[in-house]
Amino acid sequence: MQQSKLSLWQLLDQDGERWLLLVLYSLIVFTVGIEVFRRFVLSYSSIWGEEVARYAFVYLAWIGASAAVKERAHIRIDVLQNFLPRRGQLTLYIIGDLVTLFVAVLAVYFSFETFQVSLKFGSVTHGLGISQAWFLAAVPIGFSMVIFRLLQSLHRDFGMWNTNEPLYTGKKLFD
């Protein structure tokens, strides 16, 4: 039995977001659990715990958006699409990805400006006392990951244009 070895880049491409989501989710659960214990058992809580959980959740949301784009698991209305022939379905996927790509590029541009302002003026978080820019970077990082996944999706879809391969429809909510 032959085992195929995946390179580091292939492993990151395949499961990178999932591992990051697992780490961030675990961090949130652990931090909130510690803070609940501290508040109700020790009658003391900290401001840093709430900040860690909040900012981890922000990163979780943006990395999750990238994972959803990769798996075509984002919310969509596909009633009309199911009645179209294969090329019509593929065209709708491509148009949807192009529109999303346009919005993501705009989001990276405008969110990066906010990140730069935070770096320039040195704003810090209240509880952790570290640069606010680390947390504002979640938006341009997340949308950059979304752009990367959209480009992969477009490449896959354009590659399917003249083939008879079944379309990659991704995951559906109630399958």
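**Entry 1: S46**

The model is a predicted one, in which local features need pLDDT of at least 70 and side-chain atom pairs count only at pLDDT 80 or more, while totals for chains, interfaces and linings use all residues. Residues are numbered from 1 along each chain as its sequence is written, and side-chain values use heavy atoms, with hydrogens and water left out.

I noted that the side chain of S46 also makes a polar contact with the side chain of E35, at 3.0 Å. Leaving aside neighbours within four places in sequence, I found S46 in contact with E35 and R38, contact meaning heavy atoms within 4.5 Å. S46 lies in the loop between α1 and α2, where helices (H or I, at least four residues) and strands (E, at least two) are DSSP runs numbered from the N terminus. Is S46 buried or exposed? I recorded S46 as buried because its relative accessibility is 12%; buried is under 20% relative accessible area, exposed over 50% and partly exposed in between, with a 1.4 Å probe and protein chains only.

**Entry 2: helix α1**

I then followed α1 (residues 8-41) and found a kink of about 65 degrees centred on D15, the bend at a residue being the angle between axes fitted to the seven residues ending there and the seven starting there. The buried residues of α1 include D15, E35 and R38, and the buried residues of this helix pack against α2 (47-70) and α5 (138-159). After α1 comes S43, for which I noted a positive phi, near 55 degrees.

**Entry 3: α1 against α5**

I read the packing angle of α1 and α5 as about 135 degrees, with their axes 13 Å apart; axes are lines fitted to C-alpha atoms, for helices over the stretch in contact, and angles run from 0 to 180 degrees between N-to-C directions. The contact is made by L12, D13 and E17 of α1 and by M145, F148, R149 and Q152 of α5.

**Entry 4: F121**

Lastly I looked up F121, which has its place in helix α3 (residues 86-121), and I recorded F121 as exposed because its relative accessible area is 63%.

Methods. A polar contact is a pair of N or O atoms within 3.5 Å; within protein, one must be able to donate a hydrogen and the other to accept it, and residues adjacent in sequence count only if both atoms are side-chain atoms.
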